[in-house]
Amino acid sequence: MKAITTLVLLGLAGTASAQQPAVQNGKVETRKPAALDREISTIAATAKTEPVWVGWRVPVVDGERAGCSTWVDDSYYFRGQVLDYSTLGSTVATTGRPQPTTPPTGPLAIEGGTGLVVLVRLIDGRGERVNRIADDCPIDAGGRTIYWFDAVTPAESLRVLDSYTREDAFERLSMNARRSLTQSALEAIAYHRDPGAKAILDRIATGTSELRSRAISLLGSRRGAHGFATLTKLLQTERQSNARVELVNAIGTTRESETLSTLRGLLKDPNAKLRAAAVYPFAIRGQQAVVPEVNASNN
C-alpha cells in the first residue's frame, strides 16, 4: 500500500521534505508515484466537482528562476503563489489580497529558488491549469488539497506537460481555457533543465500548431545556445515574411556572444520589417558603440 503523509497546515510552516514548498491554508498529501501520468489520472478521476492540485519539483534551466509573486507595503507582506482566489473569502473580497505571510527571518538558504515547481489543477476528471513557481516560493492553497509527488524525474515531468500541449486532447475545455493550458504547459517545459525540453520546443517551433510562436519565443528567451542555434537555422530556411520577423524578434532576446553579429547582418536585409525588428535589440546589445550603425540603418 502506498504510504501517504497528510499535513494540515493552518499557517505558513516548514516544508514536509527538502523539495516541497511551504504551504499555508491547505492540505498536503505527499506521495512517491510509481508512474507520474497514471498517478495524476487516478487523482483526477476523484476530482469531479471540487478541484485539487498536484505538484512536483525538477531542476530548473541554468540561469533562470521560475518566479514568485510579492506584495509589500507599510503594513502588509505576502510572497508566494495563490492557487485559488475564489476560496479565500472575505480577506480577498475586502482587500484584494491573500492572507498575509510572515516575512522570512534568519539566514536564507543558499540553494533556495534553484528548482522548478510544477503545479497542475485537476477538475472534472482532467487537468485544466498549469502553474510554475520557484521551489522557495510559498503557496497559499486557498483551502484546496495539494498532492505533492516526491522523486519525479524530469523525463516524467516533461511527458506529462507535453501531453497538455496537444491542442486536440482537450476538446471539452473552452477555447480560452485550452489556449491558457497549452501555453502555460509549454512555458513550464521551457524552464526544465533536462535536454528533453529542447526537443519538445524544437518540435513545436518547426511545426504548424498554434503554439509555434510561443515555442519560438521561449527558445530565444530560455534555452541559451541551443535556442540561438535553432532560431538562426530556422531563419535561414524560412521564406514567409511575418514568420521571419518573428524569428528575428526571438533572436533579439538571446544572450549569446554571436547575437550582436547576427543582428548586425540583418540590418541590411531587403525586408524593411525585418530590419526594423533587428535594429532595436541590436542597439540594446551594442549600446553606445553601435549608434553610428543604427543611424546608418535608418537612412
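Student: Is cysteine 137 buried or exposed?

Tutor: Cysteine 137 is buried, at a relative accessible area of 1%. Buried means under 20% relative accessible area, exposed means over 50%, and partly exposed lies in between (1.4 Å probe, protein chains only). Please note that this is a predicted model, in which local features need pLDDT of at least 70, side-chain atom pairs count only at pLDDT 80 or more, and totals for chains, interfaces and linings use all residues. Residues are numbered from 1 along each chain as its sequence is written, and side-chain values use heavy atoms, with hydrogens and water left out.

Student: Which residue forms a disulfide with cysteine 137?

Tutor: Cysteine 68 does, with the two sulfur atoms 2.1 Å apart. A disulfide is here a pair of cysteine sulfur atoms within 2.5 Å, and the count by this rule is one. The link between cysteine 68 and cysteine 137 is right-handed, with 75° about the S-S bond.

Student: Where do the two cysteines lie in the chain?

Tutor: Cysteine 68 is in the loop between β4 (52-59) and β5 (69-73), and cysteine 137 is in the loop between β8 (126-134) and β9 (139-140). The pair is 69 residues apart and links distant parts of the chain. Helices (H or I, at least four residues) and strands (E, at least two) are DSSP runs, numbered from the N terminus.

Student: And is cysteine 68 buried or partly exposed?

Tutor: Cysteine 68 is partly exposed, its relative accessible area being 26%.

Student: Changing topic: what does α7 pack against?

Tutor: The buried residues of α7 pack against α5 (196-205), α6 (212-222), α8 (241-251) and α9 (259-266). Among these buried residues are Phe228, Leu231 and Leu235.

Student: Which residues other than glycine have a positive phi?

Tutor: Asparagine 25 has phi near 60°, and glutamine 287 has phi near 55°. Asparagine 25 is in the loop between β2 (23-24) and β3 (26-31) and is partly exposed at 25% relative accessibility. Glutamine 287 is in the loop between α10 (272-286) and α11 (291-297) and is exposed, with a relative accessible area of 56%.

Student: What is the mean pLDDT of the chain?

Tutor: The mean is 84, and 81% of the residues reach 70 or more; pLDDT is the predictor's confidence in each residue, from 0 to 100. Over residues 1-18 the pLDDT is below 50, and this stretch has 38 contacts (heavy atoms within 4.5 Å) beyond near neighbours in sequence in the model. Where pLDDT is low, the predicted coordinates should not be read in detail.
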